[in-house]
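The structure comes next, then the details.

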Amino acid sequence: MSSTIDAAVDRHAVPRAVLAARTGVAVVFALNGLAVGTWFSRVPAAREALGLSAGRLGLLLLAMSAGALLAMPTAGLVTQRLGPARTVVAAVLFVSFGITVAGLAASLAGSLVGVAAGLFAFGYGSGTCDVAMNVEGAAVEKRLGRTILPRFHAAWSLGSVAGAGIGAGAARLGVPVGVHLPVLAAVVLVGTLLGARAFLPAPAEAEGTADPAARRRALLATWREPRTLLIGLLVLVMAFTEGSANDWLAVAFVDGYGVSEAVGAAVFGVFVVGMTLGRTAGTVAIDRWGRVPVLFGTIGLAAAGAALAVLAGSGPLAVVGVACWGIGASLGFPVGMSAAADDEDRAAARVSVVAVIGYTAFLGGPPLLGFLGDHLGTLHALGLVPLLLLPALALVPALRPPAR
């Protein structure tokens, strides 16, 4: 009874604007995940429409990663200049335009160049949005006085799962990507615009009063901050830990344990559920014990789970390892972003730097594991994950909030 009253008091103690911003950020995260999950669910249809080999498809998909990586170094400056809300609005225009162009170019024109251009715009918008929504999420987290950024990332995961499910249904019904993707783009555009309207008011500096040259110098100086670079390295390892499972886990179980493709997909589902549960429940643990102890525990769990998934020799036991891998990998990326934004005045620049470092894992990870897979087998190539996680434990103390 007492806890219920305390919770009610806490809710009333938080300004309505902050609660509305919390909802708005969650909506933006979920819709960004919805867009990404939808596109990847329709990649087979786009490949068939364009008649691409696996190698050429891989090169095409790099256009999206290239757009995201190009956006992130400047996304912090843009967020400082415009504020998170305006930046998200500008970014979603790129996202919606890119998805629409990619769908129409694949389905109606059969144009490889058109799809690549659309994916580049999609990646550029998604990368810019990623920085801005993490900056806003960290600001909301500070005003709430409790950890919530991992739950925003859980909303992203749920959005991506929903996008994949909708995409699978559209594929089963034979809906062309030239129809499906533009409709999805309109939903993402409208929903994101509504979500961004609830964001917190931008600080005065974000309205353009600061000297642009000073902002650029501050961003360059951020690249020389040891704490920011250490956080970026930790986020890089955690992005690799998550991305390797996204890209290779289902294939590794099919090749390494001889299961069917359906079972391989279900195993990947176990990983996604573990990630979502970890990001939802982990916030309570962080508020109780702090970032550093919780991250030591979860990263250790991820290393043990990934090692078990690779070395178990038994399918059911390996699935237990996958569940531990997902739960353990869930917090490193969002908590790293939160730590980068500890100083709200420098949050945009530092989140931008950490994002650039971290997202290189999504670009370099797939070819690295593919190379190892050709020589060691796909399953054993994933043994690189625990080998990277164990030394990454030395980076965890960098996430400790700085002394004020």
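Buried means under 20% relative accessible area, exposed means over 50%, and partly exposed lies in between (1.4 Å probe, protein chains only). The model is predicted: local features need pLDDT of at least 70, side-chain atom pairs count only at pLDDT 80 or more, and totals for chains, interfaces and linings use all residues. Residues are numbered from 1 along each chain as its sequence is written, and side-chain values use heavy atoms, with hydrogens and water left out.

**Aromatic pairs**

- Rings of Phe, Tyr and Trp (its six-membered ring) pair if their centres lie within 6.5 Å; planes under 30 degrees apart count as stacked, over 60 as edge-to-face, and the rest as tilted.
- Searching the whole structure gives five aromatic pairs.
- One of them joins phenylalanine 253 and tyrosine 257: it is tilted, at 4.9 Å centre to centre and 40° between the planes.
- Both residues sit in helix H10 (residues 226-257), four residues apart, about one turn of the helix. Helices are DSSP runs (H or I, at least four residues), numbered from the N terminus.
- Phenylalanine 253 and tyrosine 257 are both buried.
- Phenylalanine 333 and tyrosine 359 have ring centres 5.7 Å apart and planes at 80°, so this pair is edge-to-face.
- That pair links distant parts of the chain, 26 residues apart: phenylalanine 333 is in helix H14 (residues 332-340) and tyrosine 359 in helix H15 (residues 347-376).
- Phenylalanine 333 has a relative accessible area of 4%, so it is buried.
- Tyrosine 359 is buried too, at 17%.

**Cysteines**

- A disulfide is a pair of cysteine sulfur atoms within 2.5 Å. The count is zero disulfides.
- Cysteine 129 is buried, at 4% relative accessible area.
- Cysteine 324 is partly exposed, at 25% relative accessibility.

Terms used. Helices (H or I, at least four residues) and strands (E, at least two) are DSSP runs, numbered from the N terminus.
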